[in-house]
Amino acid sequence: MATGRNHRPATRSRGIPEATVARLPLYLRALTALSERSVPTVSSEELAAAAGVNSAKLRKDFSYLGSYGTRGVGYDVEYLVYQISRELGLTQDWPVVIVGIGNLGAALANYGGFASRGFRVAALIDADPAMAGKPVAGIAVQHTDELEKIIEENGVSIGVIATPAGAAQQVCDRLVAAGVTSILNFAPTVLSVPEGVDVRKVDLSIELQILAFHEQRKAGEEPAAAAGPVAGSGAAAGSGAAAVEAAAGAARAGARKASASAASGGPEGDVPAVMPA
């Protein structure tokens, strides 16, 4: 089977917008669920609803792939699964290295969805000498001294960084120097990379803060609606305090839920979404 080093997806050369590329995994996930239920065809409206997007946007996205569906019938599910998988480069084997095998790195290593989505964990790497040789998810952890050799021997082009923030840039530099051209960064820091290297940052704390903002807004709107147009400044101050408390509660609850999700791989074995494409 082909490996990732010499076979990169053609989405950019074919002029597919980045926003469309970011939605393709959503469509693929919805289509895979339909395929598993032996659903032969699906309308743009049904698929858009399952993927959580607008149907007009879905049809526009699929037009970049050359898929227009059949009027009165819809889209062929199996063909779309193949077409999107091919466009994303998932019809080949992508060897991946995970650097940093702490709690998060170990959870990622145990994630069962990599293989079914076209990715193979080629190696687990950690700087702690005490970790060397220890099996995690059936794979023996190797020391960072072996990083360049591992990348070369396995033809790795995708690296996952799950180290503390202070070590992330150095690890990133070594990955890039060894030939890695795509990096998924779970470390809470911004990485500097040269032209031609793609980085996707996953930050749970940012996503939780965004959710806390929305919870605060919702908590503030509900008392205001109940009080009506004559609510005074005292009521506004009370609702503001309630909003802050609600946001804090939401953040605490979200953190507990997200922590459990990261440790278990998510409610359906999924790695948490961008926190987090």
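## Close-up views of a predicted protein chain

View 1. Of the 277 residues in the protein chain, 39% count as buried, where buried means under 20% relative accessible area, exposed means over 50%, and partly exposed lies in between (1.4 Å probe, protein chains only). This is a predicted model, in which local features need pLDDT of at least 70 and side-chain atom pairs count only at pLDDT 80 or more, while totals for chains, interfaces and linings use all residues. Residues are numbered from 1 along each chain as its sequence is written, and side-chain values use heavy atoms, with hydrogens and water left out. The secondary structure comes to nine helices and nine strands; these are DSSP runs numbered from the N terminus (helices: H or I, at least four residues; strands: E, at least two).

**View 2. Seven strands line up in an open sheet.** Follow the order β5-β6-β4-β3-β7-β8-β9, and note that the pairing is mixed. The edges belong to β5 (135-136) and β9 (198-201), each with a single partner strand, so one side of each has no neighbour in the sheet. Strands β5 and β6 pair in the antiparallel sense over two bridges (two strands pair if DSSP finds at least two bridges between them). Here Val136 has Ile139 of β6 as its bridge partner.

**View 3. Strand β3 is mostly covered.** How many of the residues of β3 (residues 94-99) are buried? Six of its six residues are. In a regular strand, side chains alternate between the two faces of the sheet. In β3, Trp94, Val96 and Ile98 point one way, while Pro95, Val97 and Val99 point the other way. Strand β3 runs parallel to β4 (residues 119-126), and six bridges join them. Val96 stands opposite Val121 in β4.

View 4. Asp61 and Arg23 form a salt bridge, with their closest N and O atoms 2.7 Å apart (a salt bridge is a side-chain nitrogen of Lys or Arg within 4 Å of a carboxyl oxygen of Asp or Glu). Asp61 lies in helix α3 (residues 55-65) and Arg23 in helix α1 (residues 18-36), so the pair ties together parts that are 38 residues apart in sequence. Are these two residues buried or exposed? Both Asp61 and Arg23 are buried.

View 5. The structure holds six salt bridges. In one of them, Glu148 meets Arg174 at 2.8 Å, N to O. Glu148 sits in helix α6 and Arg174 in helix α7 (residues 165-177), 26 residues apart. Glu148 is partly exposed at 33% relative accessible area, and Arg174 is partly exposed at 25%. Another salt bridge joins Asp203 and Lys201 (3.7 Å, N to O). Asp203 is buried, with a relative accessible area of 11%, whereas Lys201 is partly exposed at 27%.

**View 6. Leu88 is a buried residue of helix α4.** Look for Leu88 in helix α4 (residues 77-88). Leu88 counts as buried because its relative accessible area is 19%. Leu88 and Leu24 are 64 residues apart in sequence, and their C-alpha atoms are 7.8 Å apart in space.

**View 7. Asp145 sits in a loop.** Where is Asp145 found? Asp145 belongs to the loop between β6 (139-143) and α6 (147-154). With 58% relative accessibility, Asp145 counts as exposed.
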